[in-house]
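Subject: The structure I promised you

Hi,

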Amino acid sequence: MEPQNLTGVSEFLLLGLSEDPKLQPFLFVLLLSMYLISVAGNLLIILAVTSDSHLHTPMYFFLSNLSLADIGFISTTVPKMLVNIQTQNKSITYAGCLTQVSFFYLFICLESLLLSVMAYDRFVAICHPLHYTVIMNSHLCGLLVLLSFFISLLDSQLHRSMVSQLTFCTDVEIPHFFCDPPQLFNLACSDTSINIILLYCMAAIFGGVPISGVIFSYTRIALSVLRVSSSGGNYKAFSTCASHLSVVCLFYGTGLGVYLSSAVSSSLRKGAVASVMYTVVTPMLNPFFYSLRNRDIKRPLQRILSR
C-alpha cells in the first residue's frame with residue numbers, strides 16, 4: 001500500500017465499543033445516562049462551591065476546577081460516540097480527530113495535575129496548619145491552577161503535533177471510540193519508533209511527576225497523622241483526605257488498569273472497553289466521592305436542589 005500524506009486523509013472511522021447492532025440501543029442509553037449524570041453532578045459541585053461563601057477555600061476552589069476538568073474530559077469523547085451510534089456513522093474528520101486528541105490530553109493532564117495540587121493542599125493543611133492560610137493564599141492558588149492549565153496545554157499540543165506528523169495508508173479504521181494516539185501509531189505507514197519513545201517520555205514527565213507529588217504529599221501526611229496521639233485527631237486528619245484519596249486511587253487505578261489490560265490482551269477492542277473506566281466512569285463518580293460524606297458540600301447542594 002502506498003502511504004499518503006495526512007493532507008489526503010479526510011476522515012477516520014471510529015469502530016466504537018461494539019459492532020453488534022443489537023447492542024447499539026443499550027450502549028446509547030447507558031452512555032447517555034452516564035454522561036448526563038457526570039455533567040449534572042460536576043455542575044452541582046461547581047454551583048455549590050460558588051454559591052456558598054463558606055466553601056470559598058483553597059480545597060474547594062481546586063475541587064470546582066477539577067469538576068470543570070471532568071466535564072471537559074468526558075465531553076471530549078462521549079458526545080461524538082453518541083452521535084456515531086445514533087446516526088450509525090462511524091466517521092470522524094481529520095480535523096476533528098486532531099481536535100479530539102488535543103482536548104483529550106489537555107483535560108486528562110489537567111486532572112492529573114489538579115489532583116497533585118489538591119494533595120499538596122491537604123499536606124499543607126495537615127502538616128502546617130498554623131501557616132495554612134499564609135501559604136495557600138489566593139494568589140498561589142490561582143497561580144497553581146494557571147500553571148496546571150498551561151502545562152496541560154503544552155502536553156496536548158505535543159500530542160497533537162506527533163499525530164499531525166504521521167502518514168497513513170488506506171486503512172483508517174481505529175478500533176476505539178476516540179482518536180487515541182497509540183491506535184493512530186498502529187495505523188501509520190511511516191516509522192513511529194521516535195513517536196512511541198516521545199509518547200513514553202511525555203507520559204513519564206506529565207504523568208509521573210504529578211503521581212510523585214501525590215505520593216510525597218500523602219507519605220508526609222501519613223507520618224504526621226501517626227504522630228498524633230489521640231484517635232479522634234487521627235480520624236479528623238484522615239477524614240479530610242479520604243474523598244481526595246478515593247478519587248486519586250480511582251483515576252490512577254483505572255488508568256493503570258487500562259494500560260495493563262492492553263499490554264496483556266491482544267484484543268484492541270477489549271482495550272477500548274477498558275478505556276471507558278477512566279474516560280466515562282471516573283468523571284461520573286468523582287462528584288459522589290466528594291459529596292456523599294461531606295457535610296460542607298451536602299448543605300449547599302440541598303439548598304440548590306430544593307429550589
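Below is what was found in it, starting with the overall layout.

First, some ground rules: this is a predicted model, where local features need pLDDT of at least 70, side-chain atom pairs count only at pLDDT 80 or more, and totals for chains, interfaces and linings use all residues. Residues are numbered from 1 along each chain as its sequence is written, and side-chain values use heavy atoms, with hydrogens and water left out.

The protein has 11 helices and 3 strands. Here helices (H or I, at least four residues) and strands (E, at least two) are DSSP runs, numbered from the N terminus. Along the sequence they come in the order β-α-α-β-α-α-α-β-α-α-α-α-α-α. Of the 307 residues, 48% are buried, where buried means under 20% relative accessible area, exposed over 50% and partly exposed in between (1.4 Å probe, protein chains only).

Now the inside. A nonpolar core is a set of buried Ala, Val, Leu, Ile, Met, Phe, Trp, Tyr and Cys residues joined through side-chain atoms within 4.5 Å. The largest one has 87 residues, and Phe-12 and Leu-184 have the most contacts inside it. Helix α3 (residues 94-127) gives this core its largest share, 20 residues. Leaving aside neighbours within four places in sequence, Leu-184 is in contact (heavy atoms within 4.5 Å) with residues including Phe-12, Cys-97, Val-101 and Phe-168.

Have a look at Gln-183 too, which sits in helix α6 (residues 181-187). Is Gln-183 buried or exposed? With a relative accessible area of 10%, Gln-183 is buried.

Cys-127 belongs to helix α3. Setting aside neighbours within four places in sequence, Cys-127 touches Arg-220, Ile-221 and Ser-224.

Last, a helix pair. The axes of α7 (residues 193-206) and α8 (residues 208-226) come within 3 Å and cross at roughly 25°. Axes are lines fitted to C-alpha atoms, for helices over the stretch in contact, and angles run from 0 to 180 degrees between N-to-C directions. So α7 is roughly parallel to α8 (angles under 35 degrees count as roughly parallel, over 145 as roughly antiparallel, 65 to 115 as roughly perpendicular and the rest as oblique). Ala-203, Ala-204, Ile-205 and Phe-206 of α7 make the contact with Gly-208, Val-209 and Pro-210 of α8.

Cheers
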